[in-house]
Amino acid sequence: MYNITRPTIFSFFSGAGFLDLGFEKSGYNVAFVNEFHKPFMETYKYSREHMHLPEPEFGYAPNDVSEFIDPSTDSNLKLNTCMTQARERGDFIGFIGGPPCPDFSVGGKNRGSDGENGKLTATYVKVICQQHPDFFLFENVKGLWRTKKHRAFYENMKEKLSANGYVMDERLIDAIEYGVAQQRERIILFGIKKEHLKMIGYDINTPLSEIFPWESHIKYSKSELLAIPFPTVDPFKEGGQLLKPLGVPEELTVQYWFDKNKIDEHDNKDMYFTPRAGRAKFEVIDEGDDSKKSYKRLHRWRYSPTAAYGNNEVHLHPYHARRLSVAEALAIQSLPIDYVLPPKITLSNAFKTVGNGVPYVAAKAIAETILD
């Protein structure tokens with residue numbers, strides 16, 4: 001008999017733990033954490049200490065994920081040992097992970113499965129097929145669907161998973177649907193062992209979409225979002241006041257999250273890039289003008305575009321002539337108020353850390369959907 005009230009999670013490509021935190025706060029036991037990039041792992045550990053959360057039961061694994069499929073490595077032995085221990089006590093085990101996605105991103109390197117990051121998706125699938133968790137979650141950019149070459153690779157990965165006993169369903173989610181003040185689309189692929197569905201009398205020849213409750217924690221449908229009268233642009237004024245338009249849900253606005261997370265008191269409030277050439281360019285862009293790839297100015301009473309702060313994608317504060325701070329970026333990613341980055345992290349690593357994560361509120365909603 002399995003313990004399905006508190007599934008055990010093995011997390012891969014964990015980043016700074018945004019996705020993991022959503023699962024943990026939904027009642028899961030996040031027991032195993034894998035992250036190769038040192039600044040991400042250091043942030044993961046620091047944030048947990050700051051939030052007074054215990055270390056994962058099976059600890060941190062700062063290894064290249066490829067080591068988990070190589071039987072000659074200590075990493076493979078450790079993973080096998082942890083899985084055996086969890087199985088012996090009857091845990092219902094899930095793997096979650098979002099392999100690095102620049103090689104599949106439409107605006108990224110576009111090297112696909114041949115790129116160094118792209119290969120990691122295939123490796124994650126191999127880990128799943130070798131270890132056979134009871135269920136898994138795979139998160140990635142929608143470029144996997146939109147490009148013919150990437151789509152063929154993605155479908156091949158699903159065929160491998162199906163051949164290893166999994167029934168799957170997928171959805172292109174948008175973080176704003178769950179109440180995040182950010183438009184961020186991502187593919188979520190969920191898979192569960194066929195044997196578990198058979199045990200509850202489910203016909204495995206029927207699409208999993210008929211019972212998987214994707215809609216159960218969505219707060220705003222696409223049609224509802226389209227009907228909301230979000231403001232477009234307003235003249236920029238340093239420190240200027242602007243009333244929230246009627247009909248705009250407050251939780252879907254940047255200002256709501258700035259206030260909720262008390263960004264002026266946050267430990268990371270003073271962490272932002274200062275341009276060498278001064279602030280002149282920052283003063284001529286209207287509030288809400290996010291029409292260009294770089295120098296997008298957020299609107300206080302609207303949601304943010306995707307929180308991506310690399311590749312010269314500069315996001316400006318709505319009513320201050322500067323770039324966003326780390327504290328503000330964390331708020332846009334809907335992190336809890338007590339989630340903090342380490343003070344000695346470089347600005348480049350800080351913004352990379354924040355931009356790479358799954359918005360916490362969306363992560364929690366997906367975790368709760370799976371639990372349902």
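This is a predicted model: local features need pLDDT of at least 70, side-chain atom pairs count only at pLDDT 80 or more; totals for chains, interfaces and linings use all residues.

Tutor: Residues are numbered from 1 along each chain as its sequence is written, and side-chain values use heavy atoms, with hydrogens and water left out.

Student: What makes E3 and E6 the edges of the open sheet?

Tutor: The sheet has seven strands in the order E3-E2-E1-E4-E5-E7-E6, with mixed pairing. Strand E3 (60-61) and strand E6 (166-174) each have a single partner strand, so one side of each is left without a neighbour in the sheet. The strands, like the helices, are DSSP runs numbered from the N terminus, a strand (E) having at least two residues and a helix (H or I) at least four.

Student: How do you know that E2 and E3 are paired?

Tutor: Two strands pair if DSSP finds at least two bridges between them. Strand E2 (residues 29-34) and E3 are joined by two bridges and run parallel, so the pair meets that requirement; Val33 stands opposite Tyr60 in E3.

Student: Which strands pair with E4, and over how many bridges?

Tutor: E1 is joined to E4 by six bridges, in parallel, with Asn3 opposite Asp91. E4 also pairs with E5 in the parallel sense over four bridges, and here Ile96 stands opposite Leu137.

Student: Why is strand E4 called mostly covered?

Tutor: In E4 (residues 91-97), seven of its seven residues are buried, a word that stands for under 20% relative accessible area, with exposed meaning over 50% and partly exposed in between (1.4 Å probe, protein chains only). Both faces are covered, with Asp91, Ile93, Phe95 and Gly97 buried on one side and Phe92, Gly94 and Ile96 buried on the other.

Student: Why is Gln333 called buried, and what does its side chain reach?

Tutor: Gln333 has a relative accessible area of 0%, which falls under the 20% limit, so the residue counts as buried. Gln333 lies in the loop between helix H10 (326-332) and helix H11 (347-355), and its side chain reaches the backbone oxygen of Val354 at 2.8 Å and that of Gly357 at 3.0 Å. A polar contact is a pair of N or O atoms within 3.5 Å, where within protein one must be able to donate a hydrogen and the other to accept it, and residues adjacent in sequence count only if both atoms are side-chain atoms.

Student: What makes a space a cavity or a pocket?

Tutor: On a 1 Å grid over the protein atoms alone, a cavity is a set of points where a 1.4 Å probe fits but cannot get out, whereas a pocket is an open set with protein on both sides within 12 Å along at least five of seven lines; lining residues have an atom within 4 Å of a point. The structure holds four cavities of 30 Å³ or more, and about 60 Å³ of space lies in the largest cavity, whose lining includes Tyr124, Phe138 and Leu189.

Student: How much space lies in the second largest pocket, and what lines it?

Tutor: The second largest pocket holds about 590 Å³ of space, a volume being the space filled by probe spheres set on the grid points, which are joined across faces, edges and corners. Its lining has 20 residues, of which Ile4, Phe92, Ile192, Ile200 and Ile370 lie nearest the centre, and H7 gives the largest share, three residues.
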